[in-house]
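Open the model in your viewer and keep the selection panel at hand.

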Amino acid sequence: NDRLLAELGAESYLGLPLLGRTGNPVGILVVLHDRPIEHTGAAASILTIFADRVAAELERKGAEEALRQSEATQRMLIGALPDLIVRLGRDGTYLDVHTPAQGPLDTAARGWIGKTVRDGGMNLVRGWQNWLEDWERQTGGHKPVGAENFVVGRDVAVTPGKVVFRN
C-alpha cells in the first residue's frame with residue numbers, strides 16, 4: 001500500500017530503529033528486497049547486529065563532530081583574548097601557551113612548551129638573554145651566532161640560479 005515501496009519494486013521490507021547508548025533513536029536501518037524474505041528470523045537477527053554497530057558508529061561520528069566544533073569555538077574565544085594564557089600540567093610542565101599577538105613574546109612563549117615551572121623561570125631569563133643578543137647583533141650589523149660555522153665554499157655549496165625557497 002506504500003507508493004514509494006511500490007515505485008522501488010519492494011516486495012519485502014525489514015527495518016529496525018538505531019538506538020544510541022541511552023536508548024534514544026539515532027536513525028533507522030532498512031532492508032528492501034524485490035522478493036519475499038524467506039527466513040525472517042535469521043534476517044532480523046543479522047539486521048539487529050548491524051543496527052547496533054551502525055548506531056554506535058553514528059554516535060561516535062556525532063561525538064567527534066561535536067568535539068571538533070567545541071575545539072573550534074574554544075580556539076576562537078581564546079584567540080580573541082588580549083591576555084597571556086598558560087596551561088600547566090600537574091607536574092608543572094607548560095602544556096600550552098597563548099599570546100595575544102605574533103611577535104617576540106609569542107616566539108618565546110612557544111619555547112616554554114615542555115619546560116617546567118620548577119625551572120624557576122630561568123628558561124624565561126635565558127630566552128630574554130638570547131633575544132637580546134640576537135637583537136644587538138642584528139641592530140649592530142653583525143652576523144647571527146654560529147654564522148661562522150657556515151662558510152660559503154667550505155660548509156655551504158653555492159651554484160648559480162634563482163632562489164626557489166627562502167625562509
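Start with the surface. The chain exposes about 13,600 Å², and carbon and sulfur atoms supply 58% of that area. Keep in mind that this is a predicted model. Of the 167 residues, 13% count as buried.

Now switch to cartoon. The chain has 4 helices and 4 strands. Trace them along the sequence and the pattern reads α-β-β-α-β-β-α-α. Contacts also deserve a look. Among those between residues at least 6 apart in sequence, 27% join residues at least 24 apart.

**Stop 1: the nonpolar core**

Select L14, L18, L29, L47, A51 and A55. These 6 residues form the largest nonpolar core. Which elements give two or more residues to this core? They are strand 1 (12–19) and helix 2. Helix 2 gives the most, with 3 residues. In soluble globular proteins, nonpolar side chains tend to be buried together.

Stay on L14 and show its surroundings. Beyond four places in sequence, L14 touches L29, V30, V31, I37, A43, A44 and L47. Of these partners, L29 and L47 are also listed in the core.

**Stop 2: L19**

Move to L19, in strand 1.

Show the contacts of L19. Leaving aside neighbours within four places in sequence, they are N24, P25, V26 and A55. A55 is a residue of the core from the previous stop.

**Stop 3**

Clear the selection. Rolling a probe the size of a water molecule over the atoms shows where empty space is left. Next, select E71, Q74, R75, I78, G79, I85, R87, D96, V97 and H98, which line the second largest pocket. Its volume is about 260 Å³.

Where does the lining come from? Helix 2 (40–79), strand 3 (85–88) and strand 4 (94–98) each supply at least two residues. The largest share, 5 residues, comes from helix 2. Helix 2 also gave the most to the core.

Finally, colour the lining by class. Expect 3 nonpolar, 3 polar and 4 charged residues. Among the charged ones are E71, R75, R87 and D96.

Key: Residues numbered from 1 in each chain as written. Predicted model: local features only at pLDDT ≥ 70, side-chain atom pairs only at ≥ 80, totals over all residues. Heavy atoms only, no water. 1 Å grid on protein atoms, 1.4 Å probe; cavity = no way out; pocket = protein on both sides within 12 Å on 5 of 7 lines; lining within 4 Å. Points joined across faces, edges and corners; volume = space filled by probe spheres on them. Buried < 20%, exposed > 50% of the residue type's maximum accessible area, 1.4 Å probe, protein only. Contact = heavy atoms within 4.5 Å. Areas by Shrake-Rupley, 256 points an atom, 1.4 Å probe, with all protein chains shown as cover. Core = buried A, V, L, I, M, F, W, Y, C linked by side-chain atoms within 4.5 Å.
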